[in-house]
Every structure is written in structure tokens, then in C-alpha cells.
Amino acid sequence: MSLRILTLYLLAVHTLARPSKGIVIKHHLTDTSCFKKNSYSFIVLRAFISLGTLDYNIAANLRALPDGLEFVDVYMNPCMACPYSAEAQVEKLVDGLKEEKYRKLWIMAQAIAGWKRDTNENCKFLNDLLRKARELGRDVGIATNKKEWHALMGPSCEVSEHSTELWLIGDDNSEGIKNFEKFSVFKRPAMKELVVPVYQCGGDAKVVINYKMPARFIKADL
């Protein structure tokens, strides 16, 4: 490879590897002009609520999205108090969205998401969710932060290091992660949610920063 081509390639990788900005939405998506106005290149939609059912907006929201987004993710708030197992809840979500296109399923590990006080029970339930999602062929990650993780799962809770990414629920509005502290198997977040809510795309939302270069931009063989 010539020096010129290598230089151009490295410049392209540097540009593409820069963090991108997206939005997290749980309401009915009524304004899609917000993506272009705010330079949002991806979206994360709530797909499953902590009553043990699909979010009633999810199918319509997925179909309303504009073309050209970098990726579309969904998240679930699991329900431990519901009469459905972890496996049954994941099956309900995946089956309910079998006709829809999305990249990754994120599982919310936050106090607001229907967890119990027993960290051992929570850890087992979480691993059951993760395992079932992978069995069904879904890429899966966890949305949490160090404080929430220790409170809900306990410091000793273990998940698969090689297949579980972190969506960091931030406690500030900085787009950087220089103050991130490692916990459990999470050495670096793939994404970070900013703490200050915004009213965009038809309702209350949160801005999220993606730090990971999309796989389609990674060239293995130079």
C-alpha cells in the first residue's frame, strides 16, 4: 500500500471513529425532523416495559424512522415481579419484533426498571436475559453505571466479558468518558447517556454518545 493511500485511509478512519450522537426515546415518535436538526445519527427506542409487555409505541416508532441512520437499537425494562420468566420476556420481545429491523438489544439495569432488592436474584435474572437473547441470535448489551450496578447486581455479579457491551447511564452532561471508573467486566463504555433530558422528536428524550466505530467501517486487511 502506498504512503498516500495509507494516509487517506487513516484520515478516513479517524473521522469515522469520532463519537457520534443519537437520541433515546420512549414516547410516540411524532417529529422525525429532529434527527437532521440535531445531527443525530442513531436512535435507541424503548421496546419492552416493566409490566412484562412490549411498548405499545415500538412497532410504529421503528417504522416511522427516517432512512440513513447509522443504526437503530432497542432497550427493555425487565420485570422480576411479573409472572413471566426472564427467558419468556426476551422471547416475547424478540418475537414481537421479528418483522422489524434493529441492531442491538440493551437491557436496563437501573432501579427504575423493576428489579428486586436481592442482588443474587437480580444477577441470575440478568444472566438469564442475556443468555436467552444470545440463543435467539440477538446482539445484547447492558445499560447501567457503577452505582446502579453495585446496588442492584452487587460487585461480584459476573456477565460475559466478550459479548456484553456497556451503555453508561451518565451522571453528568459531558460527552467524554475520561472520568469513567471500571467496574465488573466493563473496561470502557460503548455508549454514554447524558443526564440532562431534552424535549425533542415529539417528547422528553435523552442524548446518547456512541464511542464505538461501526463494524462496517472497520477494515481488517490493509
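Reader: In which sense do β4 and strand β5 pair, parallel or antiparallel, and over how many bridges?
Author: In this predicted model, β4 and β5 (residues 104–108) pair in the parallel sense, with three bridges between them. Within this pairing, Trp106 of β5 stands opposite Tyr75.

Reader: What do β4, helix α4 and β5 make?
Author: Together with α4 (residues 86–96), the strands β4 and β5 form a β-α-β unit that is right-handed.

Reader: And how do β2 and β4 pair?
Author: β2 and β4 pair in the parallel sense as well, over six bridges. There, Arg46 has Tyr75 of β4 as its bridge partner.

Reader: Are the residues on the faces of β4 buried or exposed?
Author: They are buried on both faces: Phe71, Asp73 and Tyr75 lie on one side, and Val72, Val74 and Met76 on the other. Strand β4 spans residues 71–76, and six of its six residues are buried.

Reader: Changing topic, which residues lie nearest the centre of the largest pocket?
Author: Those are Lys26, Tyr75, Ile112, Glu193 and Lys206, out of 24 lining residues. The elements giving two or more residues to this lining are β1 (20–25), β2 (42–49) and β10 (203–210). The largest share, three residues, comes from β10. The space in this pocket is about 440 Å³.

Reader: How does its lining divide by class?
Author: The lining of the largest pocket has twelve nonpolar, five polar and seven charged residues.

Reader: What volume has the second largest pocket?
Author: Its volume is about 340 Å³. This second pocket is lined by 17 residues, with Leu168, Asp171, Asp172, Asn179 and Phe180 nearest its centre. Its lining divides into five nonpolar, five polar and seven charged residues.

Conventions:
Residues are numbered from 1 along each chain as its sequence is written. This is a predicted model: local features need pLDDT of at least 70, side-chain atom pairs count only at pLDDT 80 or more; totals for chains, interfaces and linings use all residues. Side-chain values use heavy atoms; hydrogens and water are left out. On a 1 Å grid over the protein atoms alone, a cavity is a set of points where a 1.4 Å probe fits but cannot get out, and a pocket is an open set with protein on both sides within 12 Å along at least five of seven lines; lining residues have an atom within 4 Å of a point. Grid points are joined across faces, edges and corners, and a volume is the space filled by probe spheres set on the points. Helices (H or I, at least four residues) and strands (E, at least two) are DSSP runs, numbered from the N terminus. Ala, Val, Leu, Ile, Met, Phe, Trp, Tyr, Cys and Pro count as nonpolar, Asp, Glu, Lys and Arg as charged, and the others, Gly among them, as polar. Buried means under 20% relative accessible area, exposed over 50%, partly exposed in between (1.4 Å probe, protein chains only). Two strands pair if DSSP finds at least two bridges between them. A crossover is right-handed if, with the strands pointing away from the viewer, the path from the first strand over the helix to the second runs clockwise.
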